Every structure is written in structure tokens, then in C-alpha cells.
Amino acid sequence: MKRCVALVVAAGRGERFGGDVPKQYKTLGDAPLLRQSLGRLSAHPDIAEVRAVIHPNDLPLYEIAAKGLGIGAPIMGGQERQDSVRLGLETLAADAPDLVLIHDGARPFVGADVIDRVLDALEHSEAAVPALPLSDTLKRLVEGDGGCETVDRANLWRAQTPQGFHFQRILEAHRAAVGMALTDDAGVAERAGVVVSLVEGEERNFKITTQQDFQHARDLMREATETRVGFGIDVHKLGEGNSVTLCGVVVPNDQALEGHSDADVALHALTDALLGTIAAGDIGRHFPPSDDQWRGASSVLFVNRAVALVRARGARIVHADITIMGEAPRIGPHRRMMTTRVASLLGIDSGRVAIKATTTEQLGFIGRREGLAAQAVVTIQCPVETT
Ligand code: MG
């Protein structure tokens, strides 16, 4: 599969917007607006990495916006948007991806299907841009007499982001366009002779430019919520040892769990259930076993990341239900501590966390004490607009 990196452009000062804080850091729901954009791209199963281009003065604000989402270090932008994008691309060039999606940080409601359409188009196109047709009739002022004339709107489109490119082509196009004032990356690409395809955009993927846009975004977030349920399952092998880690609690046992991380089956199932609520792929996608940084890692890190991705879109975790399947150890004596631990990881009351256990009547691999399994269900409440 081609490796795709998303570059989120958030270095603007928002002069048209006004206010003391650049608009991308204004609070939408209960987090900075930029967090929604970053979280959605990070959650997409086909995006390997997300990087943001920011203004150096905004570093403290950015750190709050990106906290816990697992995003690489921010890249410092330049004078104009075009400079910022070029600096971002130059930074990515050290470990060049195959594809790059360039997204405006101020489009917080980008949906997974727009991203899918752009990526699909890149299979056969040099570049792809989501766009919508114009619905209003267009007028052009006629110089002199104060009147106007009608412009034919057939074949005119409003371009959105993320705009998708083959990395080397757009990097070269940006290098060749330094100092020119082009309004979007597709414009930079077109100038370099790249053929840009249009794919269908989305109305809700609007760019927040004015105070009115921001109010509209706030209204959308408040309009309606929906309930979602995520499910996760995990199995790990038992081997030699004297303890297992379950729900983040070390429990003495005459066998240990084997695995790349701490092999906490319960927290792995919980992580997958959390990711499932927002269709954000699975634990292996976010924490590949091939990546050495997760060797021996505490599974608490996995849960924390998944919680951050869920919360980034304004969702509230309502409840979690975990069942551990095994002949040993006995869970009862540790249940209270496990419940407290999971509740604190999820940031909810322990009355909203169920930790259950069952044997399999000595049947199957679990009954033969060859492994432990766990299942988890998580319920969240999230704004419909963030689907
Ligand atoms: Mg596992």
C-alpha cells in the first residue's frame, strides 16, 4: 500500500476572523478547532502520519490542540500559506511518502468519505481536489455604469481540501512556484503541468473564515448527538512467567502472557472497541507490532491514544464493558482495582465501567490454559456532525 502523509496547514493569523487567538485555536465543542481536523485525519485508516505546519508564536496553543493524538513534531510555517506548505513538504522530503494530502486546519468537519474519494482518485490521477458545484448565480460588476452581468456558472466549482498529490510532483511544483501568489496547492500543481481531477466534496467540509462560519460550526456541534457502540476482541498466548497484566493491573499468576507490548489482552480489546466507535481502524494500524517503539510498551499508551482520538471529535465516552476469558487468574480479587484503573483511563465514573470474567469450562485453547482472551464494548455519545 502507498504511504500517505497528511499535512495540515495551520500557520495563518486569521486576519479576516479577528480576535486575540488565531481562529484555528478557538474552542469548538470542548477543544481547539484544530484538534478536530488533526484528530479526523489521524483516525483515518489509510493515513500513516499527520503533521501540522504552524506559526512559531502558536506553539503553546498547538501543543494543547495536538496533545495525545500521536502526531509528529509541528513544522514552522512561513510568510504566506504557500510558503508554509512548501516548508512542510521540504520537511517531509527527508522520509518522503508516496502521497500527501494537504488540508486546511480550519476545515474541522472533513469526513472520511471525502478523504477516501481523494485517495481513490490518486490511484489513477496525478492530483485530486474535492469540489462542489456553485448554487448561487454569479454576477460580475460592469465597470463604469454600475450595472452587472451574469457569469455562466456551468462548469465552475468551489475547491475544498484535503487536496491529494503524488509527493514528488507537488514538492517540485512548489519549489518552482516560490514567490508566486497562488491560492491553493492545486493551483501550484496546475502551473507545473499536473492534471488535477475533481472529486465530490461535502458541504459540511466548509472552511471557517469568518465569525459567522465559526458560529455555524458551533451550532452544528450542538444540533444533535448520536450513540455509537464499538466492539473489540483480543487473544494472547500464555507462556512461562509469574504474572499477567490485565486492565493495567499486574496480577500474580503461574503463567505470563506473551506479546510485543505488555500483552494486556483486556486493554487491547478496549482500545479496539474505542477505535471502533469512530471507525478509526484497529490497534495494529495505530501501533504496528513491526514498530520497535511498542516493544514492551504499557498498553495504557494505546488506550490513551484511542481516547484522545475519540474525544478530538467532541465525543463523550459513556460506558465500557470488558469480559476476560480464562481459567486463571481469578479476577474477583482484582476487579475493584481494574475498574478504577479503566475508569480513570477513560475519564469516567467507575459506575460506568464493567469488568467481568468467565472460564470456558476447560474447553478449547482457553480451557487448556494456552491463552487468554478478552472482549470489550464501548458506548460513546458524539455530535452527529462529526460522523
Ligand atoms: Mg493484542
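This is a predicted model: local features need pLDDT of at least 70, side-chain atom pairs count only at pLDDT 80 or more; totals for chains, interfaces and linings use all residues.
Residues are numbered from 1 along each chain as its sequence is written, and side-chain values use heavy atoms, with hydrogens and water left out.

Starting with the big picture, the protein has 12 helices and 19 strands. Here helices (H or I, at least four residues) and strands (E, at least two) are DSSP runs, numbered from the N terminus. Along the principal axes, the C-alpha atoms fill a box of roughly 90 × 40 × 40 Å. Of the 387 residues, 50% are buried, where buried means under 20% relative accessible area, exposed means over 50%, and partly exposed is in between (1.4 Å probe, protein chains only).

Next comes the metal. A magnesium ion is held at 2.3 Å by Asp 234 (OD), His 236 (NE2) and His 268 (ND1). Donors are N, O and S atoms within 2.8 Å of the metal (3.2 Å for Na, K and Ca), and with water not among the atoms, sites may look incomplete. Along the chain, the donors of the magnesium ion follow the spacing D-x1-H-x31-H. Asp 234 belongs to strand S13 (residues 225-239) and His 268 to helix H8 (residues 265-277), so this pair, 34 residues apart, links distant parts of the chain. Both Asp 234 and His 268 are buried.

His 268 also turns up in the surroundings of Ser 261. That serine lies in the loop between S16 and H8, and it counts as buried because its relative accessibility is 11%. Apart from neighbours within four places in sequence, Ser 261 is in contact with His 268, Trp 294, Gly 296, Ala 297, Ser 299 and Phe 302. The C-alpha atoms of Ser 261 and Gly 296 are separated by 4.0 Å, although these residues are 35 apart along the chain.

Two of those contacts, Trp 294 and Phe 302, bring in the aromatic rings. The structure holds four aromatic pairs. Rings of Phe, Tyr and Trp (its six-membered ring) pair if their centres lie within 6.5 Å; planes under 30 degrees apart count as stacked, over 60 as edge-to-face and the rest as tilted. Trp 294 and Phe 302 make an edge-to-face pair, 5.7 Å centre to centre with 80° between the planes. Trp 294 is buried at a relative accessible area of 8%, and Phe 302 is buried too, at 3%. Together with Phe 287, Trp 294 and Phe 302 form one aromatic cluster.

Now for the sheets, where two strands pair if DSSP finds at least two bridges between them. Strand S17 (residues 316-325) runs parallel to S18, with six bridges, and Asp 321 has Ala 354 in S18 as its bridge partner.

Elsewhere, strand S6 (residues 99-104) is largely enclosed by the rest of the structure, because six of its six residues are buried. Leu 99, Leu 101 and His 103 cover one side, with Val 100, Ile 102 and Asp 104 on the other, all buried. S6 pairs in the parallel sense with strand S1 (residues 4-10) over six bridges, and in the antiparallel sense with strand S11 (residues 163-166) over four. Val 9 stands opposite Asp 104, while Ile 102 stands opposite Gln 163.

Methods
Contact means heavy atoms within 4.5 Å.
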